[in-house]
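Me: I am new to this structure and would like to learn how to read some of its features. Could you take me through them in turn?

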Amino acid sequence: MADPTPTGPDRTGPDPIDGPDRSAADRHGIVRAVRRRADRVLRSPRVAAATERLAPKSVRTRTTIAACVAVAVVLLAASAAVLLLLRVNLQRTVETDAREQAQAVARIATDGRLPHELPLDHGTDFIQVTDASGTVIAASQNLAGRPALTTHGDGHDSFDLGDLGDEHQRVTTLTADTPTGPVTIRVGASLHTADTAEDLTTAALGGLSAVLVATVGAVTWRATGRALRPVEAIRAEVAAIGDRDLDRRVPEPGSDDEIARLAHTMNAMLDRLEAAGVRQRRFIADASHELRSPLAVLRTQLEVAHTHPDPEVRATMVAGALQDTDRLQSLSADLLLLARLDSTGHDGPTEPVDLAELVRTAIEGRGHQPHAVTLDLTDGITTTGNPMWLGRLLTNLLDNAQRHARQSVTVRLVGDRRTGRAVLDVTDDGPGVPPAEREKVFERFTRLDDARSRDDGGTGLGLPIARDIAALHGGTLTIEDTPGGCTFRTRLPTAAPGVGTPTRDS
């Protein structure tokens, strides 16, 4: 039996799946029921757990699967297009051969020279010619003596070919006018060759696609493994680094790609962590040393005061103990402030602060000073920050200036219109700081000479605290060249750039 596609007008019957007794509402109901069932199955805990277990865990596996799936989809689409074009072309060739055979028979019939037995051309399986009443008047040898081909009556042009052999054939039907009346010519051509070629092409494409997908998977697996090998080395090295092994570094690949930059960034971070650890250990050691000395002196003074019979000696020892207690209290307060500044980070306060008013308030609150303080202030310069911390910055700079000045101290505040920053200078006429030592004075517990010794009352934390406060407010603190003295310059961002009068000479 054959189910050919005629070359004449299409006469397509109803869908064999959708019977005439089934309504569209029933079909939609079935679809909704199937979707609800599928959703319940996919959302069940067991399916979710199985999906999680089966999901690939490594980037290498996921990348390989993604590459294979992408290539498989492309090959599937390309293979389907090739097969479709091949099938259309082969069927068109068969139809052309059958139509040419039918047209040749039609010409013979039109001339009235139609023989009873018709010869078959290459690629043609049968020929049958019937008159208007359905009587066979000519046929090929394999249909000799057979009745006219009949349809199945299912609404399709399906012919019962009986025992002709290959049932997959293309039947071409033509109508011709003859001297005895109209006749119908049916020519059948086998699609066996086209089916064989399509099957062979499908098998070849399937095998080639499988080889290509396997090759892509192997290449992707190997390439991804080589690309991720440095990442695994970095991970293993970082995992092995402990709090006491901050001097170790991750291996940096020789290539100039993202992984090499990742390794370089990781080593830079380890450098910062190591430097922070060194600073922390040094700070702890310095703090312990700074606390141990006054505590030892305080213990000695108290022991002498406790055992010495002379009241005057006891009073002297107690007075010295009170001085050391004040120094311990000041040192503890500085250490606490440093801890607060370190923990605050970049989340600084946002309160407007009038710098000129802040300077006047700080000077008035200090009372009598060993050296006169000259003010050269520009009003109207405002910054954003914490008034208490900014006051502490100014106090530390004034304490340092009073400690080292010979006769006078000058405080100057101006606005830099070019940079939009406030410039606060605290200048003393004492010994300057050598250029090579200007960054060292901002290190914690640093004293450059005897003039900055413990007996002078300094803890070695004033200038580091001042610089940390300036940095917290987005500013800087540096030492500038000053003839016959030393100037500590603080630059702070202003709330409104350009506020204040132009810079005035000191």
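This is a predicted model: local features need pLDDT of at least 70, side-chain atom pairs count only at pLDDT 80 or more; totals for chains, interfaces and linings use all residues.

Me: How many helices and strands does the protein have?

Reply: Helices (H or I, at least four residues) and strands (E, at least two) are DSSP runs, numbered from the N terminus. The protein has 9 helices and 12 strands. Of its 506 residues, 32% count as buried, where buried means under 20% relative accessible area, exposed over 50% and partly exposed in between, with a 1.4 Å probe and protein chains only.

Me: How is a pair of aromatic rings described?

Reply: It is described by the distance of the centres and the angle of the planes. Rings of Phe, Tyr and Trp (its six-membered ring) pair if their centres lie within 6.5 Å, and planes under 30 degrees apart count as stacked, over 60 as edge-to-face and the rest as tilted. The structure holds 1 aromatic pair. The ring centres of Phe-442 and Phe-488 are 6.3 Å apart and the planes stand at 80°, so this pair is edge-to-face. Phe-442 belongs to the loop between strand E10 (421-428) and helix H9 (462-472), whereas Phe-488, 46 residues away, belongs to strand E12 (residues 486-493). Both Phe-442 and Phe-488 are buried.

Me: How are two packed helices described?

Reply: They are described by the angle between their axes and the distance between the axes. Axes are lines fitted to C-alpha atoms, for helices over the stretch in contact, and angles run from 0 to 180 degrees between N-to-C directions. Helix H8 (residues 387-404) and H9 pack at about 145°, with their axes 9 Å apart. Contact means heavy atoms within 4.5 Å, and among the residues that make this one are Trp-389 and Leu-393 of H8 and Ile-465 and Ile-469 of H9.

Me: Is Glu-198 buried or exposed?

Reply: Glu-198, which lies in helix H4 (residues 192-240), has a relative accessible area of 16% and is therefore buried. Leaving aside neighbours within four places in sequence, Glu-198 is in contact with Leu-83, Leu-86 and Arg-87.

How values were computed: Residues are numbered from 1 along each chain as its sequence is written. Side-chain values use heavy atoms; hydrogens and water are left out.
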